[in-house]
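Please consider the sequence and the three-dimensional structure shown below. The paragraphs that follow lead through selected features in turn.

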Amino acid sequence: MVTEHDSPSRRTVMIPAIKKAILFLTTVVFTCTGLAATIRVPADQPTIQAGIDAASNDDTVLLAGGTYSGEGNCNVDINGKSLLIRSESGAESCVIDCALQDPCFYVHSGTAASCEIQGLTIHRCRSDQGAAILSENCELRIVSCIITGNRATTGAGICCLGDGSLAVSDSNISDNTAQIGAGVYCSGSISTAIDGSTITQNIGSGVFCTEGCPLSISNSTVSLNRGRGVTGFNGLGVEHCRITDNRDGGIDCSGIVHIVHSSIDNNTAESGAGIRCSQADVHIDSCFVSGNPGGDSSLAAGGALHCSR
């Protein structure tokens, strides 16, 4: 007996339909995977800027090992594209050196608004804002980078402005000089997350986020900065971190603040050398806060913790 489900005529109709569906899916997969390309510098394009100019959204600009400097490799404009810019062999062997003449990367929104920079050393850049990396109204990711020896008035290492986000992971931000936010500076409505990174020996504050920019730092060291180590004025989360030996104090914060499983030690400041907070709801759990002298008297000036409204 042949049921309707098993009828030859029904099978005749179903088989071409299945073939069409498979063909459609194959076409879609082929089209999607074919969109992203890799532009190699200098094999395909002679400079970083030329590689970016040749790229489309979601492409990768891949840099061979070596030192990149001069026109086309400094003062690079991402042109509003969504790109991955990375080295072929890691930050130690892929260096952008702008010789204190120019900024390096300008990342800003366009038809797309996200960019990832991975495995680069960005060195000796100079600008008023964001000498190494200036980002405006973008989602910016910095992965496994070394950002060092840069100079600016604001945000010598990384400067993010407007709306968007910043995620920094497994990176070293050191020896940068600025009046404010020598390592990292965020202003506007930038959601900032730093993980597994070292921010050290900057002349100026290590990380500075203004009102409107929530900040979270985890599994990181912020040390030896000649300014306050961490400033977060729109809420702050610190977890599994060491904040140590910063000249103008360890942490300055307001809003909702959670500091857990962290060490805040040997920071110096006139008040609140360890943690200074104003108009804040502060939760501190399982932390080591020690050796933070404030003013002439650690106790009088709130060496460990100073709170005000």
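Predicted model: local features only at pLDDT ≥ 70, side-chain atom pairs only at ≥ 80, totals over all residues.

Cys287 is partly exposed, with a relative accessible area of 25%. A disulfide would require the two sulfur atoms to lie within 2.5 Å. Cys241, for its part, is in no disulfide. With a relative accessible area of 6%, Cys241 is buried, whereas Cys287 is partly exposed.

Which cysteines, then, form a disulfide? The structure holds one such link. Cys74 and Cys98 form it, and their sulfur atoms are 2.3 Å apart. The link connects distant parts of the chain, since its two cysteines are 24 residues apart. Cys74 sits in the loop between β3 (66-68) and β4 (76-77), while Cys98 sits in the loop between β6 (94-97) and β7 (105-108). The angle about the S-S bond is -105°, and the link of Cys74 and Cys98 is left-handed. Both Cys74 and Cys98 are buried.

The next topic is the arrangement of strands. Strands of a sheet pair through backbone hydrogen bonds, either parallel or antiparallel. Here, 10 strands form an open sheet with parallel pairing, in the order β3-β6-β9-β12-β14-β16-β19-β22-β24-β26. β3 and β26 (288-290) are the edge strands, each of them pairing on one side only. From one strand to the next, the twist averages 10°.

Within this order, strand β22 (residues 242-244) pairs with strand β24 (residues 263-265) in the parallel sense over three bridges. Thr244 has Asp265 in β24 as its bridge partner. Thr244 itself belongs to strand β22 and is buried, with a relative accessible area of 4%. Its side chain makes a polar contact with the side chain of Asp245, at 2.9 Å. Leaving aside neighbours within four places in sequence, Thr244 is in contact with Val222, Ser223, Leu224, Asp265, Asn266 and Asn267.

In soluble globular proteins, nonpolar side chains tend to be buried together. The largest nonpolar core of this model has 64 residues, and Phe105, Ile133 and Ile158 are those with the most contacts inside it. Not counting residues up to four places away in sequence, Phe105 touches Ile48, Val76, Ile78, Ile85, Ile96, Ile117, Leu120, Ile122, Ala132, Ile133 and Leu134.

Some points of backbone geometry remain. Most residues other than glycine have a negative phi, and most peptide bonds are trans. Where does the model contain a cis peptide bond? It joins Val41 and Pro42, with omega about 5°, and Pro42 is placed in the loop between β1 (38-41) and α2 (48-54). Asn79 is not a glycine, yet its phi is positive, at about 65°. This residue, Asn79, lies in the loop between β4 and β5 (83-87) and counts as partly exposed at 36% relative accessibility. Asn219 likewise has a positive phi, near 50°, although it is a residue other than glycine. Its place is in the loop between β18 (215-218) and β19 (221-223), and at 44% relative accessibility Asn219 counts as partly exposed.

Terms used
Residues numbered from 1 in each chain as written. Heavy atoms only, no water. Helix = DSSP H or I, 4+ residues; strand = E, 2+ residues; numbered from the N terminus. Buried < 20%, exposed > 50% of the residue type's maximum accessible area, 1.4 Å probe, protein only. Pairing = 2+ DSSP bridges. Axes fitted to C-alpha atoms, helices over the stretch in contact; angles between N-to-C directions. Core = buried A, V, L, I, M, F, W, Y, C linked by side-chain atoms within 4.5 Å. Contact = heavy atoms within 4.5 Å. Polar contact = N/O pair within 3.5 Å; in protein donor to acceptor, adjacent residues only side chain to side chain.
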